[in-house]
Amino acid sequence: SSSSSAAATRAARAQPGGPRRASLHRTGAASGQPGDNRGRSLRRTMSSVTTLTVTLQRAEGLKDHDVFGKQDPYAILTVGQRRQRSKVHKGGGSRPVWNQTFSFHVVNETTMEIKLMDEDTFKDDHIGDATVSLAKVRATGEAVESATVMSGGRSAGIVHVRLQMPKPVGGAATGPPLGAAAGAAMPGPFGSPAAGATGYSPPGGAYGATATHGVMPAPSGHFAPPAPAAAAPAPGWGAAPGGPPAASS
């Protein structure tokens, strides 16, 4: 009804931030999603990013597409949405050698695609494609793979690569507090001497305990605390400073 709508509007205006804040609050409560879910998802993605290092070594058994001379092979490496191209081995023919290293930032990719091409003056020719699994390098941190090059559904050679990927280390890092120099000692309790200071031995127990054993002495009837030093009596009336007190009549 119009009366209930007006009451809801007045209640929303009475809240800090006005109707917009109330609307956002209701939306969040209805969806059950905290406001920083997107930030948390981004942090999880960033923490799972690692680096895949690929060394494109060589290929063999490739079909030579050039009638005169030898073909000039190169490779296009693709991991996820990231793509990199190798150098051209001029005259590499059916056994090109590259020995070229590439780096890819990976998250959850499981394969790498390699497309082999022959560089020509007018149009580059397609030699074949190979798929390299990343399962072994993810498990062991390093792997040497030999993938079959396919062209038109048939084997068209082999390409050799070396893969490296740092294995994730679990657990939080430990070390000195922020700003502390490496190897620096932690500060002691308030009032204790700095590290390396001499001439002070902190008590081994509660107040009054001996430094040797750290325990209080047992009560004894013959034990009495030392008497405070008696103050010197003030000179009598009329006496000279430092002399005997004046005799009274």
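Biologist: What share of the contacts in the protein with a separation of 6 or more comes from residues 24 or more positions apart?

Modeller: A contact means heavy atoms within 4.5 Å. In this protein, residues 24 or more positions apart account for 53% of the contacts with a separation of 6 or more. Please note that this is a predicted model, in which local features need pLDDT of at least 70, side-chain atom pairs count only at pLDDT 80 or more, and totals for chains, interfaces and linings use all residues. Residues are numbered from 1 along each chain as its sequence is written, and side-chain values use heavy atoms, with hydrogens and water left out.

Biologist: How many helices and strands does the protein have?

Modeller: Helices (H or I, at least four residues) and strands (E, at least two) are DSSP runs, numbered from the N terminus. Here there are four helices and eight strands, and along the sequence they follow the pattern α-α-α-β-β-β-β-β-β-α-β-β.

Biologist: Why is strand 2 described as largely enclosed by the rest of the structure?

Modeller: Buried means under 20% relative accessible area, exposed over 50%, and partly exposed in between, with a 1.4 Å probe and protein chains only. Strand 2 (residues 73-79) is largely enclosed because seven of its seven residues are buried. Both of its faces are covered, with Pro73, Ala75, Leu77 and Val79 on one side and Tyr74, Ile76 and Thr78 on the other. In the protein, buried residues make up 22% of the 249 residues.

Biologist: Which strands pair with strand 2?

Modeller: Two strands pair if DSSP finds at least two bridges between them. Strand 5 (residues 111-118) runs antiparallel to strand 2 and is joined to it by six bridges; there, Ile114 is the bridge partner of Leu77. Strand 3 (residues 82-85) also pairs with strand 2 in the antiparallel sense, over four bridges, and its Arg83 is the bridge partner of Thr78. Strands 2 and 3 form a hairpin with two residues between them, and Gly80 in the turn has a positive phi of about 65°.

Biologist: Which residue lies over the face of Tyr74?

Modeller: A charge sits over a ring if NZ of Lys or CZ of Arg is within 6 Å of the ring centre and within 35 degrees of the ring normal. Arg85 lies over the face of Tyr74, at 3.8 Å from the ring centre.

Biologist: Is Thr50 buried or exposed?

Modeller: Thr50, in strand 1 (residues 50-60), is buried, with a relative accessible area of 14%. Leaving aside residues up to four places away in sequence, Thr50 touches Phe104, His105, Val106, Met165 and Pro166.
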